[in-house]
Amino acid sequence: MNSRADQLKAFDRLLTIMDELRAQCPWDKKQTMETLRHLTIEETYELGDAILDNDLEEVKKELGDVLLHIVFYSKIGSETNDFDIADVCNSICEKLISRHPHIYGDVKVENEEDVKRNWENLKLKEGKKSVLEGVPNSLPALVKANRIQEKVAGVGFDWEEPNQVWEKVEEELQELKTEIDSNNTDAIESEFGDVLFSMVNYARFLNVNPENALERTNKKFSKRFKYLEEKAQALNKPLKEMTLAEMDVFWEEAKKL
């Protein structure tokens with residue numbers, strides 16, 4: 001691995017290139033924080049894909065893309081004299097020191113859960129009115145549900161045992177079934193949401209990230225379905241003309257790959 005001196009040299013090189021691009025490249029000159037926003041979100045998802053695929057070479061590349069965006073935003077901030085990359089770095093350094101009194105102070109902790117509770121309590125002392133303020137409104141619903149539950153658990157609002165959460169899942173499933181039988185559309189949607197929320201909660205007790213779990217299933221399904229499409233194409237038979245039984249033969253084959 002690179003020495004700290006080489007790491008700092010590489011970071012300085014990136015900052016210099018960013019300065020040059022901002023001054024000389026027509027595309028880079030035009031960018032604003034607003035125009036970069038959707039690209040940053042896209043890069044973050046690409047990084048997430050690489051992590052799930054365990055493709056470390058791709059993780060390295062995508063981390064570079066994300067880092068570029070951080071440097072880009074900081075460069076734009078410096079042009080309006082609001083902040084620069086040093087301010088960004090110092091800000092997170094101060095936050096980390098403040099939020100880790102068990103490392104940089106005299107607070108004693110026994111385990112990871114103590115650290116999480118201290119983190120949320122410190123945020124409230126810093127002036128936040130709610131532990132939920134740190135959950136972005138624009139997060140996808142599944143990710144948001146997970147973060148909400150993690151946040152409230154950090155201040156002690158949580159179940160004590162996994163079996164209690166599973167009982168809640170079963171309770172919500174029964175309530176959903178009741179509304180389905182009643183054919184109450186609004187209530188069905190509401191109860192379906194409750195089922196998903198309780199399943200996300202149960203995932204936390206199983207130490208499973210629900211977003212990662214669902215995305216793995218998405219990838220698995222897509223891979224199998226593409227295999228089915230390839231087999232249908234080899235037979236010169238459109239999928240819509242195949243029976244479910246015919247499709248299922250190839251689906252079972254795909255599951256063994």
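Buried means under 20% relative accessible area, exposed means over 50%, and partly exposed lies in between (1.4 Å probe, protein chains only). The model is predicted: local features need pLDDT of at least 70, side-chain atom pairs count only at pLDDT 80 or more, and totals for chains, interfaces and linings use all residues. Residues are numbered from 1 along each chain as its sequence is written, and side-chain values use heavy atoms, with hydrogens and water left out.

**View 1. The annotated domain segments.** UniProt lists residues 31-103 and 165-226 for "domain: NTP pyrophosphohydrolase MazG-like", in an unreviewed entry. UniProt positions follow the numbering used here, feature names are shortened, and annotations may be inferred rather than shown by experiment. Residues 31-103 are 85% helix and 0% strand. The end C-alpha atoms of that stretch are 40 Å apart. Residues 165-226 are 90% helix and 0% strand. Here the end C-alpha atoms are 36 Å apart. Helices (H or I, at least four residues) and strands (E, at least two) are DSSP runs, numbered from the N terminus.

**View 2. Helix 8 against helix 11.** Two packed helices are described by the angle between their axes and the distance between the axes. Helix 8 (residues 141-153) and helix 11 (residues 210-234) pack at about 150 degrees, with axes 9 Å apart. That makes helix 8 roughly antiparallel to helix 11. The contact has 4 nonpolar, 1 polar and 1 charged residues. On the helix 8 side are Leu-142, Val-143 and Asn-146. They meet Pro-210, Glu-211 and Leu-214 in helix 11. Axes are lines fitted to C-alpha atoms, for helices over the stretch in contact, and angles run from 0 to 180 degrees between N-to-C directions. Angles under 35 degrees count as roughly parallel, over 145 as roughly antiparallel, 65 to 115 as roughly perpendicular and the rest as oblique. Contact means heavy atoms within 4.5 Å. Ala, Val, Leu, Ile, Met, Phe, Trp, Tyr, Cys and Pro count as nonpolar, Asp, Glu, Lys and Arg as charged, and the others, Gly among them, as polar.

View 3. Side chains of opposite charge can pair when their charged atoms come close. A salt bridge is a side-chain nitrogen of Lys or Arg within 4 Å of a carboxyl oxygen of Asp or Glu. The count by this rule is 13 salt bridges. One of them joins Glu-79 to Arg-22, at 2.8 Å from N to O. Glu-79 lies in helix 4 (residues 56-79) and Arg-22 in helix 1 (residues 4-24), so the pair ties together parts 57 residues apart in sequence. Arg-22 is buried, at 12% relative accessibility. Glu-79 is partly exposed, at 38%.

View 4. In helix 9 (residues 162-182), Asp-181 and Lys-177 sit 4 residues apart, about one turn of the helix. Their side chains meet in a salt bridge of 3.0 Å, N to O. Asp-181 is exposed at 55% relative accessibility, whereas Lys-177 is partly exposed at 42%. Helix 12 (residues 244-255) holds Lys-255 and Glu-252, 3 residues apart, again about one turn of the helix. Their closest N and O atoms are 3.6 Å apart, in a salt bridge. Lys-255 is partly exposed, with a relative accessible area of 39%. Glu-252 is partly exposed too, at 33%. Elsewhere, salt bridges that share partners join Glu-112, Glu-113 and Lys-116 into one network.

**View 5. Glu-113 in helix 7.** Glu-113 is found in helix 7 (residues 112-125). It is partly exposed, at 38% relative accessibility. Tyr-202 is 89 residues from Glu-113 along the chain, and their C-alpha atoms are separated by 17 Å.

**View 6. Ser-74 and its contacts.** Ser-74 is found in helix 4. Its relative accessible area is 4%, so Ser-74 is buried. Not counting residues up to four places away in sequence, Ser-74 touches Phe-83, Asp-84, Ile-85 and Val-88.

**View 7. Two loop residues with positive phi.** Most residues other than glycine have a negative phi. Asn-81 has a positive phi of about 60 degrees, although it is not a glycine. Asn-81 lies in the loop between helix 4 and helix 5 (85-99). At 72% relative accessibility, Asn-81 is exposed. Asn-183 also has a positive phi of about 60 degrees. Its loop runs between helix 9 and helix 10 (185-205). Asn-183 is exposed, with a relative accessible area of 61%.
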